[in-house]
Amino acid sequence: MKKRLVVSNIGMLATPTGNGPRSGPRQGEILVLEDAWLAAEDGIITAMGQGQAPEDLLREAQVLDAKGSLVTPGLVDAHTHLVFGGWREHELAMKRKGVPYLEILAQGGGILSTVRMTRQATREELVERAQKALHTMLSLGVTTCEAKSGYGLDRDTELKQLQVMQDLEKLQPVELVRTFLGAHALPVEYQNDREGYLRLLTQELIPYIAKERLAEFCDVFCETGVFTPEESRRILEAGQAHGLKAKIHTDEIDALGGTELAGQLHAVSAEHLIAATDSGIEALAQGGTVAVLLPATSFYLNKPYARARDMVQAGVPVAVASDYNPGSCPSLNLQFVMNLACWNYKLSPQEVLTAVTVNAAAAVHRADQVGTLEPGKQADLVIWDAPNLDYIFYRFGENLTRTVVKNGIPVWEA
Ligand code: NIG
Ligand code: FE
């Protein structure tokens with residue numbers, strides 16, 4: 001028999017609609033149903049409407065009474081560095097003195113210090129650490145999460161990180177999307193042999209990871225002192241040739257041309273974009289590339305906020321994500337990220353909701369499955385301890401979820 005879930009007594013159901021990214025004015029147009037209900041069977045939404053839920057649906061169903069509250073799609077965190085071997089609180093004093101992020105990396109710290117810790121950690125230790133993080137994310141309303149490798153920078157550790165993500169799929173409910181970020185930094189062993197590392201990535205790791213289906217995306221950190229736009233092109237094209245879809249970390253600190261490259265390659269997403277120029281924004285619009293903006297990283301690195309309004313204006317679909325990692329954003333709180341996006345990007349609550357649901361789903365190539373509440377989509381949703389959408393942007397610093405549902409199953413209760 002089918003397993004049926006009915007969410008009744010919804011005060012406000014708020015959701016974007018459709019199976020793809022929403023840009024321009026459509027970013028802020030959402031469906032709002034007051035006094036609503038929603039039904040799902042075997043984890044897939046089958047019907048929704050207003051007023052009392054139909055009697056025949058309520059029969060033999062698990063009923064969740066939303067008690068007049070807000071219901072939205074489950075949140076999608078489209079950019080995280082979930083799997084890492086340890087924290088970097090030893091950088092706090094340096095950062096407070098104003099030592100720049102790239103300077104810490106150039107001295108062999110930053111990403112490279114997390115690489116040392118991640119190489120040392122066992123697969124089980126990494127699973128335990130990431131599972132704890134995922135549990136907290138889930139409690140905050142996140143039901144799908146992208147996760148990048150990139151703290152191994154050698155064959156075994158990069159594969160270990162991706163395998164940890166596979167392990168996590170079986171251990172907990174948050175759905176993971178795996179990204180290979182072998183080009184996160186040049187490892188110390190290759191400091192005098194860039195070409196050797198590029199060959200390892202493009203000729204060995206990318207083909208193997210694609211063949212074994214260990215990742216779905218390939219990403220590069222295109223930045224001053226890290227990888228150039230030319231190197232980034234070579235890596236992403238190798239990924240695409242093997243069926244790995246392209247993502248790129250670009251314009252986080254300097255605008256080198258990585259955003260233009262993203263558009264030219266029709267990358268699925270370009271991420272960070274703090275320093276993006278008009279030509280970069282234009283290229284994203286032309287390329288159909290989703291801009292994944294990371295306001296908590298601006299907050300933590302004390303940097304400007306990306307030009308979100310200009311991107312919406314230019315017709316670029318904007319997603320907003322956490323960037324959870326031990327260096328530039330040691331927080332996984334997507335609700336705080338939503339507050340920042342509302343206040344510092346000057347996006348409306350409706351635009352931010354789209355940014356953390358369907359546009360984020362599009363940034364991980366899942367917009368036909370998650371990111372909206374509509375028949376045919378996965379029943380991933382949040383019942384909020386809030387009467388309406390404005391409320392969750394008005395309050396901040398506290399977890400406002402009440403119940404989180406993944407694939408039609410309540411998996412977290414306040
Ligand atoms: O997205 N910018 C590159 N990667 C991460 C930071 C990684 C780290 O500092 O450990 C980011 O901000
Ligand atoms: Fe990142």
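**Note on the iron site and ligand 1**

1. A polar side-chain atom of Tyr 151 lies 2.6 Å from an oxygen atom of ligand 1. For Tyr 101 the corresponding distance to a ligand 1 oxygen is 2.5 Å, and for His 81 it is 3.2 Å. The protein covers 100% of the 330 Å² of accessible area that ligand 1 has on its own (Shrake-Rupley method, 1.4 Å probe; for residues, only the protein chains shown count as cover).

2. Before going on, some ground rules. This is a predicted model, where local features need pLDDT of at least 70 and side-chain atom pairs pLDDT 80 or more, while totals for chains, interfaces and linings use all residues. Residues are numbered from 1 along each chain as its sequence is written, chains are lettered from A and ligands numbered from 1 in the order written, and side-chain values use heavy atoms, with hydrogens and water left out.

3. Back to ligand 1: it has 15 residues around it, and Tyr 101, Tyr 151, His 184, Glu 252 and Ser 328 come nearest (a residue is near if one of its heavy atoms lies within 4 Å). The space that ligand 1 takes is the largest cavity. A cavity here is a set of points, on a 1 Å grid over the protein atoms alone, where a 1.4 Å probe fits but cannot get out; a molecule sits in one if more than half of its atoms lie within 2 Å of its grid points.

4. Now the metal. The iron ion (ligand 2) has His 79 (NE2), His 81 (NE2), His 249 (NE2) and Asp 323 (OD) as its protein donors, at 2.0 to 2.4 Å. Donors are N, O and S atoms within 2.8 Å of the metal (3.2 Å for Na, K and Ca), and since water is not among the atoms, sites may look incomplete. Along the sequence, the spacing of the donor residues reads H-x1-H-x167-H-x73-D. His 79 is in the loop between strand E6 (75-77) and helix H2 (92-97), and Asp 323 in the loop between strand E13 (318-320) and helix H13 (334-344), so this pair ties together parts 244 residues apart in sequence. Helices (H or I, at least four residues) and strands (E, at least two) are DSSP runs numbered from the N terminus.

5. Two backbone spots deserve a look. Most residues other than glycine have a negative phi. Leu 153 has a positive phi, near 55 degrees; it is in the loop between strand E7 (142-148) and helix H6 (155-171), and is buried at 0% relative accessibility. Phi of Asp 251 is also positive, near 55 degrees; Asp 251 is in the loop between strand E10 (245-250) and helix H9 (258-264) and is buried at 1%.

6. Elsewhere, Thr 403 belongs to strand E15 (residues 401-406) and counts as buried at 6% relative accessibility. Its side chain makes a polar contact of 3.2 Å with that of Glu 413. Such a contact is a pair of N or O atoms within 3.5 Å; within protein, one must be able to donate a hydrogen and the other to accept it, and sequence-adjacent residues count only if both atoms are side-chain atoms.

7. Last, Arg 307, in the loop between helix H11 (295-301) and helix H12 (308-313), is partly exposed at 28% relative accessible area.

Definitions and conventions: On a 1 Å grid over the protein atoms alone, a cavity is a set of points where a 1.4 Å probe fits but cannot get out, and a pocket is an open set with protein on both sides within 12 Å along at least five of seven lines; lining residues have an atom within 4 Å of a point. Buried means under 20% relative accessible area, exposed over 50%, partly exposed in between (1.4 Å probe, protein chains only).
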